[in-house]
Amino acid sequence: MPWVDTPESWQAMLDCWKRVHQAAGLTSSEERVFFAFSFGPFLGFWTAYEAATQLGFLAIPGGGMRSEARLQMMQRFEVTALCGTPTYAMRLGGLAKEMGLAFPKLKAVLVAGEPGGSLPEVRERLNELWGAGVRISDHHGLTETGPVTHQDPSQPGRLLVMEDAFIAEVLDSQTGCEVADGETGELVLTTLNRTACPLFRYRTGDLVQKRLTPQLALEGGILGRIDDMVLVRG
């Protein structure tokens with residue numbers, strides 16, 4: 001999906017991404033963050049990478065490399081954080097065990113792109129592979145909006161909506177009515193800062209469980225899609 005931005009709207013996404021990094025415990029200018037993504041037009045990589053540089057982190061791109069080479073680079077530069085999808089973070093962690101590599105300074109694994117980062121079983125497996133003390137930090141976003149949520153630092157498996165950047169509603173997809181606290185519905189977003197191409201009550205198609213805390217929370221992260229389907233032989 002192509003999406004056009006102005007420098008101001010791009011910066012609005014970077015500001016949200018900075019909070020994703022900070023929620024993962026990345027606050028020091030001495031952070032060394034490895035981005036295990038390819039160099040495609042994927043919006044999430046570029047915004048995550050540029051936000052890290054604005055925070056003063058050493059941002060290390062891992063595009064165009066085999067998994068073994070990525071792990072060797074991570075060890076060489078003594079990374080403090082890894083960004084990737086949950087499944088690829090598990091792949092790298094398993095391969096690191098096979099290669100006998102250790103990452104004593106790693107303190108956070110930031111995951112997105114798949115729902116695994118908010119699933120207890122996936123989080124436990126990531127901690128088995130990377131270390132019990134490593135923080136597993138989930139978040140989510142869309143091309144159309146940029147980053148929307150970040151991990152609740154005090155509640156694993158719960159995502160907090162950045163309400164200064166979005167008006168978020170959780171609606172019954174059939175009736176369009178707001179669901180009650182604890183119920184599941186479709187996440188609907190209005191952007192406040194991404195003004196180059198604003199969205200008004202945009203139906204994301206994401207199923208979430210509404211949880212009212214001091215700010216809107218999504219219990220269990222993204223639970224599914226209202227248009228879930230299975231493709232068999234194409």
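Student: Where does Glu78 lie?
Tutor: Glu78 lies in the loop between helix 3 (67-76) and strand 3. Helices (H or I, at least four residues) and strands (E, at least two) are DSSP runs, numbered from the N terminus.

Student: What about the phi of Glu78?
Tutor: Glu78 is not a glycine, yet its phi is positive, about 50 degrees.

Student: How exposed is Glu78?
Tutor: Glu78 is partly exposed, with a relative accessible area of 40%. Buried means under 20% relative accessible area, exposed over 50%, and partly exposed in between (1.4 Å probe, protein chains only). Areas come from the Shrake-Rupley method with a 1.4 Å probe; for residues, only the protein chains shown count as cover.

Student: What should I know about the model itself?
Tutor: It is a predicted model: local features need pLDDT of at least 70, side-chain atom pairs count only at pLDDT 80 or more, and totals for chains, interfaces and linings use all residues. Residues are numbered from 1 along each chain as its sequence is written, and side-chain values use heavy atoms, with hydrogens and water left out.

Student: Back to phi. What about Arg201?
Tutor: Arg201 has a positive phi of about 50 degrees and is not a glycine. Arg201 sits in the loop between strand 9 (184-191) and strand 10 (202-212).

Student: Zoom out. How many helices and strands are there?
Tutor: The protein chain has 5 helices and 11 strands. Its radius of gyration is 18 Å, close to the 17 Å that the globule rule gives for 234 residues, so the chain is as compact as a globular protein of that length. That radius is taken over C-alpha atoms; the rule is 2.2 Å times the number of residues to the power 0.38.

Student: How much of the chain is buried?
Tutor: Buried residues make up 49% of the 234. The chain exposes about 11400 Å², and carbon and sulfur atoms supply 54% of that area.

Student: Now pockets. What volume does the largest pocket have?
Tutor: About 560 Å³. On a 1 Å grid over the protein atoms alone, a pocket is an open set with protein on both sides within 12 Å along at least five of seven lines; a cavity is a set of points where a 1.4 Å probe fits but cannot get out; lining residues have an atom within 4 Å of a point. Grid points are joined across faces, edges and corners, and a volume is the space filled by probe spheres set on the points.

Student: Which residues lie nearest the centre of the largest pocket?
Tutor: Ala112, Gly113, His139, His140 and Gly141, out of 30 lining residues. Strand 5 gives the most to that lining, with 5 residues.

Student: And cavities, how many of 30 Å³ or more?
Tutor: The count is 1. The largest cavity holds about 70 Å³ of space. Helix 1 supplies the largest share of its lining, 3 residues. Among the lining residues are Ala12, Phe166 and Leu192.

Student: Leu192 again. What does Glu163 touch?
Tutor: Glu163 touches Leu192, Pro214, Gln215 and Leu216, not counting residues up to four places away in sequence. Contact means heavy atoms within 4.5 Å.

Student: Where is Glu163 found?
Tutor: Glu163 is in the loop between strand 7 (158-161) and strand 8 (166-171). Glu163 is partly exposed, with a relative accessible area of 36%.
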